Amino acid sequence: MKYVLKGKKLNVNGLQFHVVDEGSGTAVLLLHGFPDSSYLWRKQIQQLVKAGYRVIAPDLRGFGESDKPQEIEAYNMQLLVSDVIGILKELNVDRVKLVGHDWGALLGWSLTSIFPNIVEKYVPISVGHPGGRFQMQIDQFEKSWYVFMFQTEHYAEKFLTKNNWELLREWGRNHSEQEKWIEELSRPGALRAALNWYRANGSLKFYVNKRVTPKIKSPTLGIWSSFDPFLTEAKMLQSSEMIEGAWRYERLTGSHWVPLDQAEKLNDLLIEFFEK
């Protein structure tokens with residue numbers, strides 16, 4: 001039977017957000033990435049609620065059932081962080097244990113850096129800290145080809161949808177979740193909105209700018225999977241340089257979509273890390 005996530009609508013920053021809010025107790029905030037929505041976390045939500053947590057999983061702007069502004073500048077990281085803070089305020093939540101995957105991990109790094117008093121513990125999955133020394137080697141450039149393609153307005157939309165989304169299917173390695181992605185990205189304005197995350201934040205200068213970024217003070221558990229076709233292990237390992245708090249790293253075996261393909265192992269790691 002298909003698991004149905006029950007959500008509520010919240011108005012934040014002039015946009016309407018669909019937010020899953022289940023359970024009670026200490027709050028756990030789950031942030032998804034491209035091309036997902038809060039539905040990515042269905043296997044974590046059930047187990048975390050059973051473990052006694054209140055789980056909050058929004059469809060971030062541009063994704064799922066949340067609003068989808070079409071302007072590129074509507075997706076800069078400052079606004080994305082502001083969305084999350086606004087959602088937590090609407091839910092009367094002052095402090096969270098945070099988990100982020102893909103773009104949700106990059107958003108989580110920013111949130112944890114800027115608001116250490118809000119993030120009690122942080123778990124970035126797949127994506128390492130964007131700051132620190134710039135050491136993107138050739139294997140990461142080869143894996144990141146799609147980032148530069150996604151930034152090309154109109155052409156990316158055309159290439160990804162051509163021949164019944166053939167390129168998106170191949171990009172995602174024909175993952176079992178692909179029909180869900182296509183269903184959601186086929187909504188009016190959805191594909192452009194999702195790609196605007198890359199256009200507003202994903203350029204090379206995002207990684208090499210000499211930004212003054214406060215180091216992470218929250219205890220952090222980095223997770224990377226060995227068959228990730230998009231990201232190398234090096235950047236996640238390098239994250240330790242940007243962390244003043246406790247740092248732990250776990251290397252799993254599986255695809256990029258750890259919350260789906262390594263759900264049981266991930267759930268065990270999250271609960272252990274949160275309760276330790």
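This is a predicted model: local features need pLDDT of at least 70, side-chain atom pairs count only at pLDDT 80 or more; totals for chains, interfaces and linings use all residues.
**Conventions.** I number residues from 1 along each chain as its sequence is written. Helices (H or I, at least four residues) and strands (E, at least two) are DSSP runs, numbered from the N terminus.

**Entry: H2 against H3.** I looked up how two packed helices are described, which is by the angle between their axes and the distance between the axes. For helix H2 (residues 77-90) and helix H3 (residues 103-114), I noted axes that come within 10 Å and cross at roughly 80°. H2 is therefore roughly perpendicular to H3 (65 to 115 degrees; under 35 is roughly parallel, over 145 roughly antiparallel, the rest oblique). The axes are lines fitted to C-alpha atoms, for helices over the stretch in contact, and the angles run from 0 to 180 degrees between N-to-C directions.

I then listed the contact, meaning heavy atoms within 4.5 Å. From H2, Met77, Leu80, Val81, Val84 and Ile85 meet Trp103, Leu107, Ser110 and Leu111 of H3. I sorted the residues of this contact into 8 nonpolar, 1 polar and no charged. Here Ala, Val, Leu, Ile, Met, Phe, Trp, Tyr, Cys and Pro count as nonpolar, Asp, Glu, Lys and Arg as charged, and the others, Gly among them, as polar.

**Entry: strand E5.** E5 covers residues 96-101, and I found 6 of its 6 residues buried. In a regular strand the side chains alternate between the two faces of the sheet. In E5, Val96, Leu98 and Gly100 point one way, Lys97, Val99 and His101 point the other way, and all are buried.

Strands pair if DSSP finds at least two bridges between them. I recorded 4 bridges from strand E3 (residues 27-31) to E5, running parallel, with Gly100 of E5 as the bridge partner of Leu31. E5 also joins strand E6 (residues 119-125) in parallel through 6 bridges, where Val99 stands opposite Val123.

**Entry: crossovers.** E5, H3 and E6 form a right-handed β-α-β unit (with the strands pointing away from the viewer, the path from the first strand over the helix to the second runs clockwise). I looked up strand E7 (residues 220-225) and strand E8 (residues 247-252) as well: they run parallel and are joined by 6 bridges. Ser225 stands opposite Leu252. From E7 the chain passes through helix H10 (residues 233-238) to E8, in a right-handed β-α-β crossover.

**Entry: backbone geometry.** The peptide bond from Phe34 to Pro35 is cis, with omega near -5°, and I place Pro35 in the loop between E3 and helix H1 (42-50).

Asn13 has phi near 55°, positive in a residue other than glycine. Asn13 sits in the loop between strand E1 (7-12) and strand E2 (15-22) and is partly exposed, with a relative accessible area of 41%.

Asn164 likewise has a positive phi, near 60°, but I found Asn164 in helix H6 (residues 155-171). Asn164 counts as exposed, at 52% relative accessibility.

Conventions:
Side-chain values use heavy atoms; hydrogens and water are left out. Buried means under 20% relative accessible area, exposed over 50%, partly exposed in between (1.4 Å probe, protein chains only).
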